[in-house]
Amino acid sequence: MSISVLGIADDQALGGSVRLIVTEPRALAEAKQAVDSVLKEIDAAASRFRSESELSRLNSRAGEVVKVSPLLAGAIAAAIRGAELSDGAVDPTIGTAIRLAGYDADFASLATEAAPLRLIAQRVPGWRGLYF
């Protein structure tokens, strides 16, 4: 008879849930540290909720040519690929529209009861206008 034992760690990151499963339970702590490090790097590069993130700094320089890290470049490339594959149903250029709709903070910091939203319709740039 064969028995399989797994190491499992659950956490929260990037506005969602994270579950890490390893086949060697002794390696769980080291694996968790590695995953946490990568998630921290992603958050520092691509968080729209952190004014010091690379994405926030990029957004503040709209219209300028800006050199970005390989990590953010990869995230932007993946977002554009998602837009291509979904024919625009996924669009990485809707950040302003989302902020105007009231989603301008991490879910964890939002009140459970809030006043009705006041929506403002504006054009979004559209993913096809991105130059990469």
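This briefing walks through the fold, helices, core and salt bridges of the structure above.

The model is predicted, so local features need pLDDT of at least 70 and side-chain atom pairs count only at pLDDT 80 or more, while totals for chains, interfaces and linings use all residues. Residues are numbered from 1 along each chain as its sequence is written, and side-chain values use heavy atoms, with hydrogens and water left out. The chain has four helices and two strands, where helices (H or I, at least four residues) and strands (E, at least two) are DSSP runs numbered from the N terminus. From the N terminus on, these elements run β-β-α-α-α-α.

**The chain as a whole**

- Buried residues make up 17% of the 132 residues in the chain; buried means under 20% relative accessible area, exposed over 50%, and partly exposed in between (1.4 Å probe, protein chains only).
- The chain exposes about 10200 Å², with carbon and sulfur atoms supplying 57% of that area; accessible areas come from the Shrake-Rupley method with a 1.4 Å probe, and for residues only the protein chains shown count as cover.
- Among contacts (heavy atoms within 4.5 Å) between residues at least 6 apart in sequence, 39% join residues at least 24 apart.

**Helix 1**

- The 19 residues of helix 1 should span 27 Å at 1.5 Å a residue, and its end C-alpha atoms are 26 Å apart, which agrees; the expected span is 1.5 Å times one less than the number of residues.
- Leu 28, Lys 32, Leu 39, Asp 43 and Ala 45 are the buried residues here.
- Seen down the axis of helix 1, its buried residues fall within an arc of 170°, so they line one face of the helix; the arc is that of the directions from the helix axis to the C-beta atoms.
- Glu 30, Gln 33 and Lys 40 are exposed on the other side of helix 1.
- Cover for the buried residues of helix 1 includes strand 1 (7-13), strand 2 (16-22), helix 2 (54-59) and helix 3.
- Asp 43, found in helix 1 (residues 28-46), counts as buried because its relative accessibility is 17%.
- Leaving aside residues up to four places away in sequence, Asp 43 touches Leu 14, Arg 50 and Ser 53.

- Helix 3 has 16 residues and reaches 22 Å from its first C-alpha to its last, close to the 22 Å expected at 1.5 Å a residue.
- Its buried residues are Leu 72, Ile 76, Ile 80 and Ala 83.
- They cover an arc of only 75° around the axis, which puts them on the same side of helix 3.
- These buried residues of helix 3 pack against helix 1 and helix 2.
- Pro 70, Ala 78 and Leu 85 are exposed on the face of helix 3 turned away from its buried side.
- The largest nonpolar core has six residues: Leu 55, Leu 72, Ile 76, Ile 80, Ala 83 and Trp 127. Helix 3 (residues 70-85) gives the largest share of this core, four residues.
- A nonpolar core is a set of buried Ala, Val, Leu, Ile, Met, Phe, Trp, Tyr and Cys residues joined through side-chain atoms within 4.5 Å.
- Just after helix 3, Asp 87 takes a positive phi of about 55°.

**Salt bridges**

- A search of the whole structure finds seven salt bridges, each a side-chain nitrogen of Lys or Arg within 4 Å of a carboxyl oxygen of Asp or Glu.
- Asp 10 pairs with Arg 19, the closest N and O atoms being 2.6 Å apart; Arg 19 counts as exposed, at 55% relative accessibility.
- Lys 32 and Asp 36 meet in a salt bridge (2.8 Å, N to O). Being four residues apart in helix 1, they are separated by about one helical turn.
- Lys 32 counts as buried at 19% relative accessibility, whereas Asp 36 counts as partly exposed at 32%.
- Arg 81 and Glu 84 form a salt bridge (3.6 Å, N to O), and they lie three residues apart in helix 3, about one helical turn.
- Arg 81 is partly exposed, with a relative accessible area of 46%, and Glu 84 counts as partly exposed at 42% relative accessibility.
- Elsewhere, salt bridges that share partners join Asp 11, Lys 32 and Asp 36 into one network.

**Helix 4**

- Gly 95 lies in helix 4 (residues 95-100) and counts as partly exposed at 32% relative accessibility.
- The C-alpha atoms of Gly 95 and Arg 48 are separated by 8.3 Å, although these residues are 47 residues apart along the chain.
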